[in-house]
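Subject: Structure handover

Dear colleague,

Please find the structure below. My notes on it come after.

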Amino acid sequence: MEASSQAPLAHHLRIVLVGTQHPGNIGSAARAMKTMGLRQLVLVAPEKAPDRDAQAMAAGADDLIAAAPVFATLAEAVADCRWVLGCTARSRRIQLEPMHPRAAAARAVVAAASGPVALVFGRERSGLDNEEMALCNGAVHIPSDPDFSSLNLAAAVQVLSYELRCALLDAASHDSGGEAGGSGAALRTPPPSADAATHAQLEGLFEHLATTLDAIDFHKGRAPDSAMRKLRRLYLRANLDAAEVRLLHGILADSERMARLAGDRTMRDEIL
Ligand code: SAH
């Protein structure tokens, strides 16, 4: 099978650029993607709208920029995604264990069979902030020199797009029964459930979890942020499907009900 027949998979692979400062980088990123057969470019609050610089650097890939949806927040840009990966130049300072680009691309291609997958790239000056990284199921780090670790934004997009291309070719070769030229890692990764939860469903679960933890007085006066961050990491790592999210909502709803009943009983005992 030709790699072009993997088009439905490639269609689910989204490159998201957050807060890009130089329009030229948007153009270079679009070119990097198009050379590797990727077309789904999404912009989140670019500092400057794509202009002539972007067009010049795109060198024929400006159709990707013209078609790129623009969102105000990363949460909106990935709401329908089944898997979200944050690309970061800082391997040591992030909470998530970073993945190697090759392993990440292999998993992304497998996950793309069940829905949209996003690879998220940050601002030239400051990368992705903590809140944005907290929206990601995992982190990817290109193993650059630790003393000079930050690639140009479009160069980072090129590396990941190349790895995605190789993983797509690998999957295509496997489909046709041929020997994969690449690592074959995608083929060893168990496919996620076709009913994998969307990002919006997971955000709904986190909101419910936060309310329930308050209702059962889990934090006991402590700030909830650290516990919530850890719980997010746990649930995002678990690759929940939609039925599992519903099950957890059910447990939370019952916990809230029991907390209400316990509260009523205490009040009655106090009155009596
Ligand atoms: N000064 C910023 C670097 C931003 S570079 C910082 O310290 O985070 C712009 C974007 O390119 C980053 O947000 C990241 O998405 C991507 N990038 C750059 N170098 C990378 C690397 N070594 N691995 C993965 N992504 C990288």
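The model is predicted, so local features need pLDDT of at least 70 and side-chain atom pairs count only at pLDDT 80 or more, while totals for chains, interfaces and linings use all residues. Residues are numbered from 1 along each chain as its sequence is written, and side-chain values use heavy atoms, with hydrogens and water left out.

Ligand site. The ligand is surrounded by 20 residues, a residue being counted if one of its heavy atoms lies within 4 Å of the molecule. The closest are Cys87, Arg125, Ile142, Ser149 and Leu151. By class the shell holds eight nonpolar, eight polar and four charged residues; here Ala, Val, Leu, Ile, Met, Phe, Trp, Tyr, Cys and Pro count as nonpolar, Asp, Glu, Lys and Arg as charged, and the others, Gly among them, as polar.

Polar contacts (pairs of N or O atoms within 3.5 Å) include these:
- A nitrogen atom of the ligand lies 2.8 Å from a polar backbone atom of Ile142.
- A backbone N or O atom of Thr88 is 3.1 Å from a ligand nitrogen atom.
- In the side chain of Arg90, an N or O atom is 3.2 Å from an oxygen atom of the ligand.

Taken alone, the ligand exposes 540 Å², of which the protein buries 92% (Shrake-Rupley method, 1.4 Å probe).

Sheet. Strands pair if DSSP finds at least two bridges between them. Strand β1 (residues 13-18) pairs with β2 in the parallel sense over five bridges, and Arg14 stands opposite Gln40 in β2.

Single residues. His199 belongs to helix α10 (residues 199-215). With a relative accessible area of 2%, His199 is buried (buried is under 20%, exposed over 50%, partly exposed in between; 1.4 Å probe, protein chains only). Beyond its neighbours within four places in sequence, the contacts of His199 (heavy atoms within 4.5 Å) include Val78, Leu135, Asn137 and Leu236.

Ala45 is not a glycine, yet has a positive phi of about 35 degrees. Ala45 sits in the loop between β2 (40-44) and α3 (52-58) and is partly exposed at 39% relative accessibility.

Regards

Key: Helix = DSSP H or I, 4+ residues; strand = E, 2+ residues; numbered from the N terminus. Polar contact = N/O pair within 3.5 Å; in protein donor to acceptor, adjacent residues only side chain to side chain.
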